[in-house]
Structures are given as structure tokens and as C-alpha cells.
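Visitor: I would like to learn how to read this model. Please take me through a few features, one by one.

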Amino acid sequence: IMHQKPRRCHYCTQHLCHTCHVNDTSILPFRALLKWDFTYEHVCKKCHRFLEANFDRALFDIRRIAPEIRQRKLVVACMDIRKHLIRAAFVIRECTHRTSAALAEELNTHYFMREFFFSLKDLYKLAKEESKNTTPIAYVPGATNVIDLVTSVAGVDNQSLNSYLATKLLKCREHIAATCPSCRLKASMPCGICRRAEPVFVYDEEADQCHDCRTIYHDACMAKEPCPVCADNVTNGITIGASPGNRKRVT
């Protein structure tokens, strides 16, 4: 019998025979998260099946697993777009108007749930965008207007994650502002802090939303004062974050 040199799996680090290791290749999650390295490495058949099955699952909370990734400009831009998108998507998914049903179906993915959860596929796409330098404007977190970014990247590249998300956000904004009266009513309200007459929309650049009661305010107003609705709830002994029908007195 001819002896064959065993093959090393770069994921489980074991050496295996040529039946169990056929030189499949995959991106290694720990290299991507720790070194921003998306090089394909040889892995065994079992690990290849596992990595491929989880490639597009949003398993990674980059706040805890890889906080340094949050400093990369395209990742920050992606999170900022998703933050606005999640607010708009929440309004559309809660709407019972018939015009919202089809769009709501498009919004049932992890992109519209929490902005800090990413799949390995998402990070790989952002790394490819970064290497191509395809962002039309130089995005500076906290300085560049997110809506300007969205307008500039929407529809530019179908393979770009930020372009895809920006296109969805513009579609949601158009639906809320011009298509569905029910969504428009739910997505806007006067700021309860400064009490200016003009309404604030959830997807506006200057808008912020209370995480507990989902009341909308100007971002600058929220930075100066806590949410008055939640403050009233505490004063009245009501559990913050509970829905109106399920609110309970604090004992």
C-alpha cells in the first residue's frame, strides 16, 4: 500500500487522510475576526461542510468578539445604514396596511434586526469593498451625513453590501413618506423634548429613538435630556419597555 502524506486541516488543526481531507478551502472565522484576513485555507471535509453551512449566518456580535473591526470605516458605515434601516423596517413590519405586506417580507433577514450582528459572508463582502475602495464618498463616522452616503452608494454595485442596504433604505423611506399613509403616521411625531411643530421621522439623519419606549426625538435633544416618556413611567411606577396593554406597576 502506498503511504500518503497526511493533510492538515487549518480549522481543526488535525492531520487527516486523503479520504477525509480532499483539499477543500474555506475562509477561517478566527483569522477574519482577529486579523481581517479572508484568505482561503485548506480544510477537511467535515469542517468545510460546517463552515459553508454557517457562512451566511449572523453569528458574530462584533461589539464583543472583535471590537477593533468596528473602527473600520466601511463596517461603521454599514452599521450606521442598518441603524436607520432597522428603525424604518420596524414601522413597516408592524403596519397592517396591504401596501406594506410585500415590503415587510423583504425585511425578514438579520440586516433588519440588530446592526452589530454580522455573518462571515457580510464581513467578506465589506473586505472586498475595502480592497476595491468602491465607496463613492469618503465616509467619516460622526461627520459625514448618513443620508448622503446612502444616496451615493445606492444601486452602485449589486455585489456591495452597503449598496444593497442603502437601496433598501431608500425604498423604505419612499414607502413611508409617499406610499403608505399608515406607516407615515407611525414613523413620525413631534419631538417631545424641544416640542418643535415639525415632525421627526425615524429614518431622519438627526433622529434618535428611545430603546425602551421607541419614542422619536432629535438626536441633539436626546443627548441633552433623558426620554421624558420613560421618566414619566418611572415617576408613575410603570415598568419601562412594557407594551401599553402589559404595563405593570413597580412594587
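Visitor: What does the accessible surface of the protein come to, and how much of it belongs to carbon and sulfur atoms?

Guide: Accessible areas come from the Shrake-Rupley method with a 1.4 Å probe; for residues, only the protein chains shown count as cover. Here the surface comes to about 14,400 Å², and carbon and sulfur atoms hold 52% of it. Two notes on the source. This is a predicted model, where local features need pLDDT of at least 70, side-chain atom pairs count only at pLDDT 80 or more, and totals for chains, interfaces and linings use all residues. Residues are numbered from 1 along each chain as its sequence is written, and side-chain values use heavy atoms, with hydrogens and water left out.

Visitor: What percentage of the residues count as buried?

Guide: Buried means under 20% relative accessible area, exposed over 50%, partly exposed in between (1.4 Å probe, protein chains only). Of 251 residues, 41% are buried.

Visitor: How many aromatic pairs does the structure hold?

Guide: Rings of Phe, Tyr and Trp (its six-membered ring) pair if their centres lie within 6.5 Å; planes under 30 degrees apart are stacked, over 60 edge-to-face, the rest tilted. The structure holds nine such pairs. One of them joins tryptophan 36 and phenylalanine 38, edge-to-face, at 5.1 Å centre to centre and 85° between planes. Both tryptophan 36 and phenylalanine 38 are buried.

Visitor: Why is the pair of phenylalanine 116 and phenylalanine 117 called tilted?

Guide: Their planes meet at 45°, with centres 5.5 Å apart, so the pair is tilted. Phenylalanine 116 is buried at 13% relative accessible area. Phenylalanine 117 is partly exposed at 23%.

Visitor: Which residues do ring pairs link into a cluster?

Guide: Trp36, Phe38, Tyr40, Phe55 and Tyr124.

Visitor: Which arginine lies over the face of phenylalanine 116?

Guide: A charge sits over a ring if NZ of Lys or CZ of Arg is within 6 Å of the ring centre and within 35 degrees of the ring normal. Arginine 63 lies over phenylalanine 116, 3.5 Å from the ring centre. Arginine 82 has its charged end over the ring of phenylalanine 118, 4.9 Å from the centre.

Visitor: Where is threonine 13 found?

Guide: Strands (E, at least two residues) are DSSP runs, numbered from the N terminus. Threonine 13 is in the loop between strand S1 (7-8) and strand S2 (15-16). Its phi is positive, near 70°, in a residue other than glycine. Threonine 13 is partly exposed, at 46% relative accessibility.

Note on methods. Helices (H or I, at least four residues) and strands (E, at least two) are DSSP runs, numbered from the N terminus.
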